Number of protein chains: 2
Amino acid sequence: MQSDKELKEVCTASAEIFDGVVLHLYRDEIRLPNGQSGVREVVRHVGAVCILPLFADGGVLVERQFRYPHDSVLLEIPAGKLNDKREDHLAAAQRELDEETGYFAKTWTSLGIFYPAPAYADEQIEMYLAEDLCPDARGRHLDEDEFLTVEKIHIDRLCEMVMRGEIPDAKTQLAILKVKRLLDERKRQLSREADG
Amino acid sequence: MQSDKELKEVCTASAEIFDGVVLHLYRDEIRLPNGQSGVREVVRHVGAVCILPLFADGGVLVERQFRYPHDSVLLEIPAGKLNDKREDHLAAAQRELDEETGYFAKTWTSLGIFYPAPAYADEQIEMYLAEDLCPDARGRHLDEDEFLTVEKIHIDRLCEMVMRGEIPDAKTQLAILKVKRLLDERKRQLSREADG
């Protein structure tokens, strides 16, 4: 079996194609593991956070938001870009939750980082579970070009929707399945403690 | 609450920025729901398939592949781009599984379509569960610029790795959690039938 080192591709030249507001596109020439040359088209992105806001009764705050690339309204958990690469992920998650839903959370748990499209984008998204929610008296305050509606759906129903293929957004599917697993694990833990 | 129609953004002008091999980048001017104008940077992508190849003993074929945007080797399920927009997804999945792992599968189940990065990419990926695996006598036959290693890891161990944040690739996390849920559901179904 090849070692990780033997799979590595090395950049030999990089050309910036587009320096946009959200996307930064590069066309890099590379040396493949077999010594031949190749090309990689890469989207550079500042990174993002996403949040599954969970009430004690199992309700989850989700959003309906128009997604231009798909020309359709998608059901998604709250999420947003970092202000810059160095921004603290938790601070960004707290800001996005408040802005998009008008809620604060007292308890935050990181559910890890994921790469949405590792073949062509360097974007990393940190996922959070937000609990002990309380409303911001000022309500929500969206960015100027942001339009979305918020509703509350039970985690069990969301889980069924994911399994039936009714929620196409990857991060939302992932957060729902992960949190559902976490809640099941907590339940088992509690029942073991009650038994023990 | 706003209706879906009231969230819609309308394209008023579209400029092609880059027409690459994998990525096609556009900078579109749009009309926002409030009548103001805005800009959307959009990656157009042909679409892809991914496959979780599952043996009867719970083993899963996974790959280690260098991902240039992240400058690291990632653990992923087999996946690949469609040859063109109209390609049959199942045929593409069967081809990619054979090419990358050297296995055929007799039983295929679609686990639905997901959008990896709906904020800026139109890519859609259809996910499959592949079962009743049998080796291709010719072994695997990778694309010229493709270098990866294949190994077998049990679904339960993969599930723990996902929950511990050890598998950053989104589609791989998603497939593992989805298939694990499906297998648990099958087990419950069988035990209900045995009881009934």
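User: Which residues does Cys50(B) touch, not counting residues up to four places away in sequence?

Analyst: The model is predicted. Contacts up to four places away in sequence are left out here. What remains for Cys50(B) is Ile77(B), Pro78(B), Ala79(B), Ile125(B), Met127(B), Lys171(B) and Ala175(B).

User: How many residues does the largest nonpolar core have?

Analyst: Cys50(B) is among the residues with the most contacts inside this core, and so are Val49(A), Cys50(A), Ile51(A), Val49(B) and Ile51(B). A second, separate core includes Val42(A), Val43(A), Tyr68(A) and Phe66(B), and has 22 residues. The largest core has 64 residues.

User: Are H2(A) and H3(A) roughly parallel, roughly perpendicular or oblique?

Analyst: Helix H2 spans residues 155-163 of chain A, and helix H3 spans residues 170-195 of chain A. Their axes come within 9 Å and cross at roughly 130°. The crossing is left-handed. Roughly perpendicular ends at 115 degrees and roughly antiparallel starts over 145, so H2(A) is to H3(A) oblique.

User: How many nonpolar residues are in the contact of H2(A) with H3(A)?

Analyst: H2(A) brings Ile155(A), Leu158(A), Cys159(A) and Val162(A). H3(A) meets them with Gln173(A), Ile176(A), Leu177(A), Val179(A), Lys180(A) and Leu183(A). The contact has 1 polar residue and 1 charged residue; the nonpolar count is 8.

User: How many charged residues are on the side of chain B that touches chain A?

Analyst: Chain B gives 58 residues to the contact, and chain A gives 58 residues. On the side of chain B, elements giving two or more residues include strand E1 (10-19), strand E8 (103-114) and helix H3 (170-195). By class, that side has 35 nonpolar and 9 polar residues; the charged count is 14.

Methods:
Residues are numbered from 1 along each chain as its sequence is written. Chains are lettered from A and ligands numbered from 1 in the order in which they are written. This is a predicted model: local features need pLDDT of at least 70, side-chain atom pairs count only at pLDDT 80 or more; totals for chains, interfaces and linings use all residues. A nonpolar core is a set of buried Ala, Val, Leu, Ile, Met, Phe, Trp, Tyr and Cys residues joined through C-beta atoms within 7 Å. A residue is buried if 20 or more other C-beta atoms lie within 10 Å of its own, exposed if 12 or fewer, and partly exposed in between; C-beta atoms are placed from the backbone. Two residues are in contact if their C-beta atoms, placed from the backbone, lie within 7 Å. Axes are lines fitted to C-alpha atoms, for helices over the stretch in contact, and angles run from 0 to 180 degrees between N-to-C directions. Helices (H or I, at least four residues) and strands (E, at least two) are DSSP runs, numbered from the N terminus. Angles under 35 degrees count as roughly parallel, over 145 as roughly antiparallel, 65 to 115 as roughly perpendicular and the rest as oblique. A crossing is left-handed if the near helix is turned anticlockwise from the far one by less than a right angle, and right-handed if clockwise. Ala, Val, Leu, Ile, Met, Phe, Trp, Tyr, Cys and Pro count as nonpolar, Asp, Glu, Lys and Arg as charged, and the others, Gly among them, as polar.
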